[in-house]
Amino acid sequence: MSEKRSIPKHVAIIMDGNGRWAKQRGKERYEGHIAGAKAVDAVVRAAGVAGIEYLTLYTFSTENWGRPQAEIDAIMELFCSMVASKADELVAEGVNVKIMGERNRFSQKVLDMINHIETVTAPGKRLNLILAFNYSSRREMVLALQDIARRVKEGEVKIEDIDEALFSDSLMTAGVPDPDLIIRTSGEYRLSNFLLWQASYSEMYFPEVLWPDFGEEDFQRALNIYASRERRYGLVTKDKEER
Ligand code: IPE
Ligand code: IPE
Ligand code: MG
């Protein structure tokens, strides 16, 4: 084969189906989240091996605060224990972890863990792992607008200079390329307030598998499907002979 296989630079995943996975086994929802955390482990490893540069994981949405308090507490607890147990391995693997989302609702313990993992993994160059945690895309865009309005008011930015690049640079994903591939597990076909601006030309893949069962082979399959897609960005297909 002469054509180079195309590997996405940025893969974003909506990790869905933990609750259903637990229910199917007569377990509590939080047990599904624990199983889901193990799947994260496998996918981070697979992404590093595949040469992905950015992996964004939808970990907790702004809307998820509306869930029962016991489930929220279990997710926060799980985040803290994952950070504590995985920090050394992430550093050794060259993974750079960033938490993306508003931080005002987190407990001091969660804030300390966020600080810890971002600090110790900062030198990582192999894979950028972005955890969308208390994230929602609409809120992200509203905050970007507020920031731009403030800069206009202060005379730093002219209204006519507001363009797509400036807006992108005002989002929480500033500096991160748009996702090439978005995966959502569990057979739900929606974005649920995830990267709405950034997903304009992302390829989408919706496997039926529940997130705790998503493994390295599923990730590999997603990459193969991505490689078989043709991204046109509104243009027309180039004739192969002309290339
Ligand atoms: C995704 O799994 C994880 C989070 C939203 C934190 P869910 O908890 O949404 O699982 P289902 O959709 O109820 O099965
Ligand atoms: C999206 O899943 C959020 C995360 C995976 C963290 P949800 O389960 O919260 O979304 P809906 O309710 O099915 O749209
Ligand atoms: Mg869900």
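Two strands are taken to pair if DSSP finds at least two bridges between them, and the strands themselves (E, at least two residues), like the helices (H or I, at least four), are DSSP runs numbered from the N terminus. The model is predicted, so that local features need pLDDT of at least 70 and side-chain atom pairs count only at pLDDT 80 or more, while totals for chains, interfaces and linings use all residues. Residues are numbered from 1 along each chain as its sequence is written, chains are lettered from A and ligands numbered from 1 in the order in which they are written, and side-chain values use heavy atoms, with hydrogens and water left out.

View 1. Strand β3 runs parallel to β4, and six bridges join the two. Within this pairing, V95 has L127 of β4 as its bridge partner. Five of the six residues of β3 are buried, so the strand is mostly covered; here buried means under 20% relative accessible area, exposed means over 50%, and partly exposed lies in between, with a 1.4 Å probe and protein chains only.

**View 2. The whole sheet.** Six strands form an open sheet in the order β3-β4-β2-β1-β5-β6, with parallel pairing. Because β3 (95-100) and β6 (203-205) stand at the edges with a single partner strand each, one side of each is left without a neighbour in the sheet. From one strand to the next the twist averages 20°, where axes are lines fitted to C-alpha atoms, for helices over the stretch in contact, and angles run from 0 to 180 degrees between N-to-C directions.

**View 3. Strand β2 and its two partners.** Seven of the eight residues of β2 are buried, and the strand is therefore largely enclosed by the rest of the structure. With strand β1 (residues 10-14), strand β2 (residues 54-61) pairs in the parallel sense over five bridges, and Y58 in β2 stands opposite I14. With β4, strand β2 pairs in the parallel sense over seven bridges, and Y54 has N128 in β4 as its bridge partner.

View 4. Helix α4 (residues 108-121) lies across β3 and β4 (127-135), and runs at about 145° to β3. Helix α7 (residues 216-228) packs on the sheet, where it touches β1, β5 (181-184) and β6, and its direction makes about 135° with that of β5; contact means heavy atoms within 4.5 Å. Helix α2 (residues 29-50), with 22 residues, reaches 31 Å from its first C-alpha to its last, close to the 32 Å expected at 1.5 Å a residue, the expected span being 1.5 Å times one less than the number of residues. After α2 comes G51, whose phi is positive, near 85°.

View 5. The protein is divided into domain 1 (10-135 + 178-241) and domain 2 (136-176), with bounds that come from an automatic or database domain assignment. Taken over C-alpha atoms, the centres of domain 1 and domain 2 are 25 Å apart, and 18 residues of domain 1 are in contact with 15 residues of domain 2. The area buried between them is about 1300 Å², with carbon and sulfur atoms giving 63%; buried area is the accessible area (1.4 Å probe) that two parts lose on being put together, summed over both. Of the area that domain 1 buries against domain 2, E102, Y135 and W197 supply 44%, more than any other three residues.
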